[in-house]
Amino acid sequence: MNETSPANSPTSSVNSQYSTSGVCSVQANETGQYEELPAIKALTTDRDMLKDHIDTFHTYGGTAGHIATAWAQYMLAPNWNTVFPEDSNVVAYDEPETVKAAVIMTDGEYNSSNSTTSASAQAIAICQQMKDHDIKVYTIGFDMDVNSAAAQTLRDCASPGAYYFPYDGNALKLVFQEIG
């Protein structure tokens, strides 16, 4: 580990992305400098704030799809209401006027894992938990080889018939129109 890295850099191993204070960071460049990742945002209807937040995202070369899938589940689970602001509370799973849906999109392999279970297996298990709670799971593999292991993970995660593999921006727009 780089001894001159910031206080929020990983301390347990070179592969860790979490500091002892719980801040998540990734190695930003070949010099070993670390950059804090964007924070999770609670449910909101503030589109401008969300668009501004998304504009701060960067790619980092690894796909921890299981972690993103878990966060999709957390954002739809009422038992996480104590973590987020009250105006972001999630309704119960059986709320009759509500449709719960998760959209999981990736352009990469599920290749970042911090346990003995593969990232793909973890993601599939989390997707099954969501489907067990009647959450509709849509998956999108953007510009992805449809014969890849990642594409199979997305097929396995999705609710029946709810997986897509658009090849360009226009096809992606059509997928979101269909989901909507």
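This is a predicted model: local features need pLDDT of at least 70, side-chain atom pairs count only at pLDDT 80 or more; totals for chains, interfaces and linings use all residues.
Biologist: At what angle do H2 and H3 pack?

Modeller: Helices are DSSP runs of H or I with at least four residues, strands are runs of E with at least two, and both are numbered from the N terminus. Axes are lines fitted to C-alpha atoms, for helices over the stretch in contact, and angles between N-to-C directions run from 0 to 180 degrees. The axes of H2 and H3 lie 8 Å apart, and the packing angle is about 15°. Because under 35 degrees counts as roughly parallel (over 145 is roughly antiparallel, 65 to 115 roughly perpendicular, the rest oblique), that makes H2 to H3 roughly parallel, at about 15°.

Biologist: How many nonpolar residues are in the contact of H2 with H3?

Modeller: With contact meaning heavy atoms within 4.5 Å, the H2 side has His66, Thr69, Ala70, Ala72 and Gln73, and these meet H3 residues including Ala123, Ile126 and Met130. Ala, Val, Leu, Ile, Met, Phe, Trp, Tyr, Cys and Pro count as nonpolar, Asp, Glu, Lys and Arg as charged, and the others, Gly among them, as polar. The contact has no charged residues, 5 polar and, as asked, 7 nonpolar.

Biologist: Which residues of H4 make the contact with H3?

Modeller: Helix H3 (residues 119-132) packs on helix H4 (residues 149-157) at about 15°, with axes 9 Å apart. From H3 come Ser120, Ala123, Ile124, Cys127 and Lys131, and from H4 come Thr153, Asp156 and Cys157.

Biologist: Which strand residue is the bridge partner of Thr139 in S5?

Modeller: The open sheet has 3 strands in the order S3-S4-S5, with parallel pairing; strands pair if DSSP finds at least two bridges between them. Strand S4 (residues 136-141) is joined to S5 by 2 bridges. The partner of Thr139 in S5 is Tyr163.

Biologist: Are the rings of Trp71 and Tyr74 stacked or edge-to-face?

Modeller: Rings of Phe, Tyr and Trp (its six-membered ring) pair if their centres lie within 6.5 Å; planes under 30 degrees apart are stacked, over 60 edge-to-face and the rest tilted. The centres of Trp71 and Tyr74 are 5.0 Å apart with planes at 80°, so the pair is edge-to-face.

Note on methods:
Residues are numbered from 1 along each chain as its sequence is written. Side-chain values use heavy atoms; hydrogens and water are left out.
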